[in-house]
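Colleague: Could you walk me through this one? I'd like to start with confidence and then turn to how the chains are arranged.

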Amino acid sequence: MRGDNTESVAGTTTDGDRRLTIILTSNDMDKVWAALVLAVGAASSGLAVSMFFSFWGLSVLRKRAGAAGHMKKPLLERMFGLMLPKGPGHLKLSKMNMAGLGPKVFRHVARLKNIASPIELLDTARELGVRLVACQMTMDMMGLRHEEMIEGVEPGGVATCLGDACHSKATLFI
Amino acid sequence: MRGDNTESVAGTTTDGDRRLTIILTSNDMDKVWAALVLAVGAASSGLAVSMFFSFWGLSVLRKRAGAAGHMKKPLLERMFGLMLPKGPGHLKLSKMNMAGLGPKVFRHVARLKNIASPIELLDTARELGVRLVACQMTMDMMGLRHEEMIEGVEPGGVATCLGDACHSKATLFI
Amino acid sequence: MRGDNTESVAGTTTDGDRRLTIILTSNDMDKVWAALVLAVGAASSGLAVSMFFSFWGLSVLRKRAGAAGHMKKPLLERMFGLMLPKGPGHLKLSKMNMAGLGPKVFRHVARLKNIASPIELLDTARELGVRLVACQMTMDMMGLRHEEMIEGVEPGGVATCLGDACHSKATLFI
């Protein structure tokens, strides 16, 4: 963590940087939704956007069930794999989850009111060129492999994250 | 969300902006309290302050029970209305809530030690001219109407929020 | 809160400030871990770092059990003292805590993979000169005394926090 390329953090700041950096460590549906709305909103209005996914937030980048193929893993990593949600379509609410009823209600209401769901927003974010970085350290801890992640995700460390944060108009920890 | 005025986000930055932007999506008593202490502290020391309330955070802006009058609403929206706290006097702690005993203890201690409560801080924030923006998209999702919100709240979208964030010394996601 | 030194907040900004400010109000193991990884990463790459601990986040700065000695306290403060974790070795996960099994698993995996634990990171942060500020107001509320905190912690208010935030490249609320 301290060994890898930390030069970028100390690099000179370009005035007029137009970047939004989001550090997402949560996999609560409501927080992920907010993060993606902000990311897509910023990207579609011309800001560069970096999203750094760490810890529970890594769940958002996982391929849907079945899509990652079968993988041989040690017991503990298999356990993590089973317990963590697979992608933005399987998240729980931080409140009023009510055994999955809450998220269903919100997805239903969003569809009715023509509001983009987390899955759609993640796709749009990728189309708009949002930088998606998966924290290598917490991937190692949870035994998540690069092949289990959706396309377009790059691995990164705290230096990548801080480097972008230092060149951003705003950095949000979600 | 992507259609509305996003121009402001890409607008030129004025050097020397003195603004604090707080995006509040939580209605945990402890987080709301922290957000309001920071907002009032910043406003009373001469910073411009914007608070953007979204998702659960909208609860903070609701009028107290009874004060909003009776409203005809579809079942789902009525359900949300019943389940979400009405104003900063009815919030739960994120930990040690103990069926409402925790918040009571904190309010009691705050009174003893002459520390402003969330209700008082929200009033002070309004007096000090803190900008209070309610996220229109999540209001729609939860079926909350403008008439149910306290005085001085303006509706806004992600562009409003990002616009202020881009002109702030610090932006906090709480 | 509004009376103490708020001058610093309104002070002129030095261009090229190289500071990261972290406001930590959580004592979830995963969030504390993330905060400390970011703090140590930033400090070891040459940024000045301020950490402001408030509310539940104060737990992180507490001396380990027994190390603080016996103290006479009113009942309510004694209760808080018993319920709040004592230092970064006793934190719970925000999810998958499983009565303490979750944190054990993560500490075990971190050791296996040679990843620094929260306790080690806090020590490193102090060695690297990270500024550790304990929120006086919430210490008062919870009845925590300065003697119960580890070495090198300074008391501070919202003005201290905002002062550093206004001179930072990024400010994170965790």
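Colleague: What pLDDT does chain A average?

Modeller: Chain A averages 89, where pLDDT is the predictor's confidence in each residue, from 0 to 100, and 91% of its residues score at least 70. This is a predicted model, in which local features need pLDDT of at least 70, side-chain atom pairs count only at pLDDT 80 or more, and totals for chains, interfaces and linings use all residues. Residues are numbered from 1 along each chain as its sequence is written, while chains are lettered from A and ligands numbered from 1 in the order in which they are written.

Colleague: And where does pLDDT stay under 50 in chain A?

Modeller: That is over residues 1–15 of chain A. Where pLDDT is low, the predicted coordinates should not be read in detail.

Colleague: What ipTM does the complex get?

Modeller: The predictor gives an ipTM of 0.89, alongside a pTM of 0.91.

Colleague: How many residues of chain B are in contact with chain A?

Modeller: There are 22, facing 25 residues of chain A, with contact meaning that the C-beta atoms, placed from the backbone, lie within 7 Å.

Conventions: Contact = placed C-beta atoms within 7 Å.
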